[in-house]
Amino acid sequence: MHNLINRNKAAKYFANYYPEIKEEIRFLSLRKNFAGIIQSIINYLFQLLEQSKQIIVVSKIKEMGWLYTRGNHDVKDLIENLFVRSFRAMQKRCNPAEWNFLLEKCPIAFQNIYQNQINKDQQLKIK
């Protein structure tokens, strides 16, 4: 598939999709700090979770999943290693029912990545 979404296109997309943190995204985009943009989004989602806005968080996770499926290797790698890895911290901000709701609504790709990350981390602890 050609015309995959790169960091620059993703940053523009995020600036439009996250109007609440648009200025922060634009600031980081000008500095070519895509990892910082992903971290800003994660922090914003944490705030939403603390406000018990799980439905909005699910919507934002699904949008990230949409971008993930259309992203180039670099974009996918950063989403896997920053965004999906943040699920553990999200889980700590939820009660078990909220977390199960969020996880079951996540794109299947994110569920699989998350489970693989947990499995790898557990294997490292055993060694």
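This is a predicted model: local features need pLDDT of at least 70, side-chain atom pairs count only at pLDDT 80 or more; totals for chains, interfaces and linings use all residues.
Q: What is the phi of serine 52?
A: Serine 52 has a phi near 60°, which is positive in a residue other than glycine. For background, most residues other than glycine have a negative phi.

Q: Why is lysine 32 called exposed?
A: Exposed means over 50% relative accessible area. Lysine 32 comes out at 64% relative accessibility, and therefore counts as exposed. Lysine 32 sits in the loop between helix H2 (22–30) and helix H3 (34–50). Although lysine 32 is not a glycine, its phi is positive, about 55°.

Q: Why is H4 called roughly perpendicular to H8?
A: Let's take the angle to the definition. The axes of helix H4 (residues 54–70) and helix H8 (residues 108–126) cross at roughly 90° and come within 9 Å. Angles of 65 to 115 degrees count as roughly perpendicular, so H4 is roughly perpendicular to H8.

Q: Which residues of H4 and H8 meet, and how many of them are nonpolar, polar or charged by class?
A: From H4 come Ile61, Met64, Gly65 and Tyr68, which meet Ala109, Phe110 and Ile113 in H8. By class, the contact has six nonpolar residues, one polar and no charged ones.

Methods
Residues are numbered from 1 along each chain as its sequence is written. Side-chain values use heavy atoms; hydrogens and water are left out. Axes are lines fitted to C-alpha atoms, for helices over the stretch in contact, and angles run from 0 to 180 degrees between N-to-C directions. Helices (H or I, at least four residues) and strands (E, at least two) are DSSP runs, numbered from the N terminus. Angles under 35 degrees count as roughly parallel, over 145 as roughly antiparallel, 65 to 115 as roughly perpendicular and the rest as oblique. Contact means heavy atoms within 4.5 Å. Ala, Val, Leu, Ile, Met, Phe, Trp, Tyr, Cys and Pro count as nonpolar, Asp, Glu, Lys and Arg as charged, and the others, Gly among them, as polar. Buried means under 20% relative accessible area, exposed over 50%, partly exposed in between (1.4 Å probe, protein chains only).
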